[in-house]
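Please have the sequence and the model at hand while reading.

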Amino acid sequence: MNLLELLGYFNYWVFAIVLMVGLYTVIAKINLVKKLIGLSIFQSAVFLMYITMDKVEGGTAPIILKGMEGNVFSNPLPQVLILTAIVVGVSTLALGLAIVVRIYESYGTIEEDEILDAD
Amino acid sequence: MDLTPHLPALQVIVPMLSAPLIVLLKPRGLAWAGATAVALLSFAVALNMAIAISDGAHYRYDMGGWAAPYGIELSVGAFSSLILLIVTGAAATALLAGRASIDSQIEPDRQPMFYAAWLLALAGLAGIAVSADAFNIFVFMEISSLASYVLIAGGPNRRALPAVFKYLVMGTIGATFYLIGVGLVYMMTGTLNLADMEARVGAVDDINPILVAAGFITIGLALKAAVFPLHVWLPNAYTHSPHMVTVFLAACATKVAIYVLIRFDFFVFQSNFDWHGSHFSSFLMPLGLLGILVASAVAMFEGHIKRLLAMSSVAQIGYIILGASFVTQDGLTASAAHLFNHALAKGGLFLAIAALACHYDDLRLDRLAGAARSMPWTSAALAICGFSLVGVPGTAGFISKWLLIDAALDQGPFAWLLVLIILASSLMALAYVWRIVETLYKKPAVVQPSSAGEAPLELLLITWLIALANIGFGLFPQFPLNLASAAAELLMGHAL
Amino acid sequence: MIIVFALFLLTLLVITALAIVQTTNLFVAVMLTSIFSLLMASNFFILDAADVALTEAAVGAGITTVIFLAALMLTTEHEKPHLSRRKLNTVVITILASLIIYATFDKPRLGDPDAPVHQHLAPWYLEKTPEYMDFPNVVTAILGSFRGYDTLGEVFVVFAACIGVLFILGVKPPEGSTYNPYRSGLKHHLIPQVVGRLLIPFLVLFGLYVQFHGEYSPGGGFQAGALIASAIILYALLEGEAAALRAVPRSVLLGLVIGGATLYGGVGVVCILMGGNFLEYTVLLDNPVAAQQTGIILIEAGVGMAVCGALLSIFHAFAARPMRV
Amino acid sequence: MSADNAIVLALCVPLATAAGIQVAGRISDNLREAVTLVGAVTLAWVVWGMLPALFAGERPAVMLGELLPGVALAFEVEPLGMLFAALASGLWIINSVYSIGYMRANQERKQTRFYTCFALALAATMGIAFSGNLITLFLCYEILTLSTYPLVSHKGDEHTVRSARVYLGILLCTSIGLFLPAIIWTYHVAGTGDFTLGGILEGHIDGADIGLLLALFVFGVGKAAVMPVHRWLPSAMVAPTPVSALLHAVAVVKAGVFSIAKIIVYVFGVDFLFAAPSANWLVFIAAFTILAASLVALRQQNIKRLLAYSTVAQLSYVVMAAAVLKPLAEIGAAIHMVAHAFGKITLFFAAGAIYTAAKKTEIHQLRGIGKRMPWTMAAFTIGALSMIGVPPTAGFVSKWYILAGAFQADNLVAIFTIIASTVLNAMYFLPIIFMAWFAKEPSGSKDHGEAPLLVVLALCLTATLTLGFFFFNGPVIELEAQLFQGATQ
């Protein structure tokens, strides 16, 4: 197993671990802001997975300047998808935080258990 | 110029592009009128396509003129057309009926944004239904989700906020799971177009990532579709959202997720793997059955009328999942028909509740006692839709229940158990619907309505229209049924 | 060498993620999230995803952090420590993680040129972009044209978030809260003032460059929108909310969002009217290549406007919210 | 007027009457009652007008539309249904006369709703009678259940609502839980649910499944009140007496036994079922119901409850007769539907008349009442004798046929049951008659005379019919014999 191969798996493992760290934060933490932080980590992990698969050995970013036509380029498609996904992520986050702000204003807390007790 | 070939695109872009313009319509009532007009137009588009499709047409559309799989393809067949009818119909109906209700729950200066979000939700759901591209489905899923979070957050009670937060978190997890699954499939096949995936997935040697992908996609979409036991976000979200939003979303939001779930599974996985059919049913059938039983049982003891019906939605989703999990033509027909019929019944019920809410602030069941005396028309419509939910003959609900039991009878040695569970839950549905009807009609009033008389006329008319549709489609179900069986044929055609 | 660096970065990424979970100070957590995003961006860069790296840095590390901090100012910084009784979660999550790791062994090796992803669609895009669009950045070509419909959807996601935040924060704040429109901790601090003022013009300039040079180098509407939004947010931090709103009023921001989204959609509709499919730019001009370029420039402008306006609207919606006393 | 159109008309007349009552009810009470009477007479005219066609051997049919492929809404008139429809529509006229007198005298509330629901129930009854297949039967069956609920819960107090809930609960639960799966099962195996002489199930189902399917049908049709699904019938007695009289002595309960008879004759096929050992249990359960219900009736103190349990027993006569599975017994079943209808409606009318005039509801209160209400009690006596089966009343004719059928089949259980139950019937009816006529009225009791004229008129009419049927039953037998002309020859 050469180093690049190891790195290949390592990328996926980091993806899996970060994904689960994110998911754990979302499920197990009761602070709403912390949940959202977890959510953004969770989504970032997916970005890593997609970007990992775009890499080609010896490739460069898919920008075909004059005279480079013969070169090897990495796959542009996952990059496009993730560009979209990043923006989706920040949009969700903004909406979530707006809700958290309103929750704090109405309940005076952003801890889930205290909110449940209040109703 | 002839717009017919552009219909699939127009279905999405008309409501979507109208949304920003709606925000600008500040004067009172104008935003409502604009949004309603757009929603009706969408419904007309959907109806137009549905009629052509029941005559055997199939719409395909290359976005940007780029042929699939390089560009994004839209594809509208029988199944998507059925979903589009439900989505646009629910959106248009709720808007038409809901002006007074929305006025009473959303402040005037926030209304343009509310209506814009409404149209975005419509566009997102329609976008999911027409799309034939796995990633594009994700994008539109997010549009519809974000817009629905906004709509639900408009609920007047502060409890709407934790409810919508929960929905947001679980919805995002679901969507992300779906994204992971799509990524894995893409990794192994190199494509995002569903038809192309179907063609290429069979050639994949290393099956593990595909297996994991199927798991992620199924779980992610099950979360979005509120399949038991992943439904925990649903009851509160439906209970505390503005009444008209409940009408809209209860009728169609989860169904679109089910649509994607069924479509993805049948198109991409079933056709390629012999074992996938049994995996699919052995995973989803228990969930469907459990959902039917548990949610119905919980609904019987719910005290809040909206929560009660929300729990009943979870049970009804169980029926749809159950039908699909048979992996037969009959089962899928039953599922598709139930998608439609349940939307009719639940939409009608929530409309009637919105009408009740015009005079009753507190929608706990015991507070609604005797409401039939001051609101006889509303109560009668509610009873009709309730019976449709139970599956009383002569209503739309009966048709799908018939089909479902008929399909279940083919399920080998355990058929009787399936039938027993379906019947048991029908009886439970009868119990909770009857509880509502009896409370409205026979119990002495506890609270006096805030003002006497019926709900606003337009709301009442639309509610009755839906109630009559429940009867109409119970007696003459050919149109939805044709679409449903064509949809099942399409899905099973892929599975063969 | 770069591989060792990558391993180092990834390890750091995991450590940061764990640290975020551990800390009970939300301010610290948000700062760590920002670092996490930066590490992620560096990683993306190593993996040849320059456009994504730029976006992650601008959006993930920049805008997200600002919004988080704005929300923290309105709520609370401290997470209540609680005993996690949810042992089950840990178990479930460990099982899930090992499942995914198990599945990775069948995945194509990193950088394997024979992997299906590199065989099917990508070669076509790499081959056809010079032919159809005649500019170097394939990412922009896919984003703007081949999958332009996705990007339109994405603009509307941002739009939905924008009106959503405005809608949700549009209710009257509760009694007993105060709002100081001139609150700004940085106005009287010399060093941030000097550095910040120096930075702003460059940020805007860089944003504009990214916007209009997206076809040639990494970048495009999203990145530009995010960069310009950051510049204005920086200005707001330095000079105060009110000053920033004076410079770019709310109505202008909303106009940007609506205008941007409508511009994008409008281009698509014009394509239909001129006899093509939705977003089929080729029909816009006689020369298909020039038509593609024009279409992409136009929709990128729409994206830039919409993203910039939306992010700023969101920021202002938070910043204008009175703090609780 | 063709007989095909007459079917549609028979369904529409009660519906139109219901609508007319709603409108007329807003104008004046007299107009409303006139509409009811006109509707009832029109319906009877339409239904009875079909008789000649039936005697000529025609089978008028009409199809409204297809619900699902192979599952259609269709109506077809055949002898059993014709008899039931003619009976129900004819008695509706008399019952309307009675209702007007009763409801006015007792100053009941919400009379418009009462008459409307009554007309709706009749529409559903016509639908059941003329249904051409299982699904149509089921549809009308459920409509009948739902439209009678407001009638049962008419009084609206808590006790009534609770009883009405039992009524609706049992009927809906059994129909959805048992009847519906039986229907779907039938369609599933046979591919059709059309009522066909000789049955449709032969060759599609065998062994224990036959018995199981029969059980689903028999207990699913809760309206037939075969024990243990009989509880709704005593509960339904909280309704006003005209409802008990027409619906719970004629329309609803007969709809139940009619459905069972029709299913046995047209779905299973008499010969097919006779050859199936797993279907034998039906005679036993019916016999048990007859005896048990009669024993329970012995201990009742309330007149209407006694009549209810008597109805339970008499219904099982029909079921048992049908289950004997011999032509004579099937004809006996059909005749018993008529005979019991005449007798029981008379009894209920009398009970209602007593309540109206004297506000008496319990049996022990009836001492000496014969002298104050001679017409009423004379009718009551005729009805009771018919229940027992004493000539010259209608009850004798039907028992004769059933007994003959039982001998034809050598069915000892049925023979024994008929004899034993006749004794039991005598035991609970004769003391009442004796008490009413010959016992001395307790001192200090309220002075009262007969019930209002319309009420007495109605009950005298039905009593006359009870007597008359003993002498003029030929056409009925001729009509029902058509059922077996093909099968037995």
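Two residues are in contact if their C-beta atoms, placed from the backbone, lie within 7 Å. In chain C, taking contacts between residues at least 6 apart in sequence, 72% join residues at least 24 apart. The model is a predicted one.

Chain C contains 13 helices and 2 strands. Of its 325 residues, 53% are buried. Along the principal axes, the C-alpha atoms of chain C fill a box of roughly 65 × 55 × 35 Å.

Chain C also touches chain A. This contact takes 87 residues from chain C and 73 residues from chain A. On the chain A side, helix 1, helix 2 and helix 3 each supply at least two residues. Helix 3 of chain A gives the largest share of that side, with 23 residues. The table sorts the side of chain A that touches chain C by residue class.

| Class | Count on the side of chain A that touches chain C |
|---|---|
| Nonpolar | 51 residues |
| Polar | 14 residues |

In chain B, one helix can be described in detail. Helix 9 of chain B covers residues 208–225, which is 18 residues. From its first C-alpha to its last, helix 9 of chain B reaches 25 Å, close to the 26 Å expected at 1.5 Å a residue. Helix 9 of chain B is mostly covered, with 16 of its 18 residues buried. Just after helix 9 of chain B comes B:A226, which takes a positive phi of about 60°.

Terms used: Residues numbered from 1 in each chain as written. Chains lettered and ligands numbered in written order. Predicted model: local features only at pLDDT ≥ 70, side-chain atom pairs only at ≥ 80, totals over all residues. Helix = DSSP H or I, 4+ residues; strand = E, 2+ residues; numbered from the N terminus. Expected span 1.5 Å × (residues − 1). Buried ≥ 20, exposed ≤ 12 C-beta atoms within 10 Å, placed from the backbone. Nonpolar A, V, L, I, M, F, W, Y, C, P; charged D, E, K, R; others polar.
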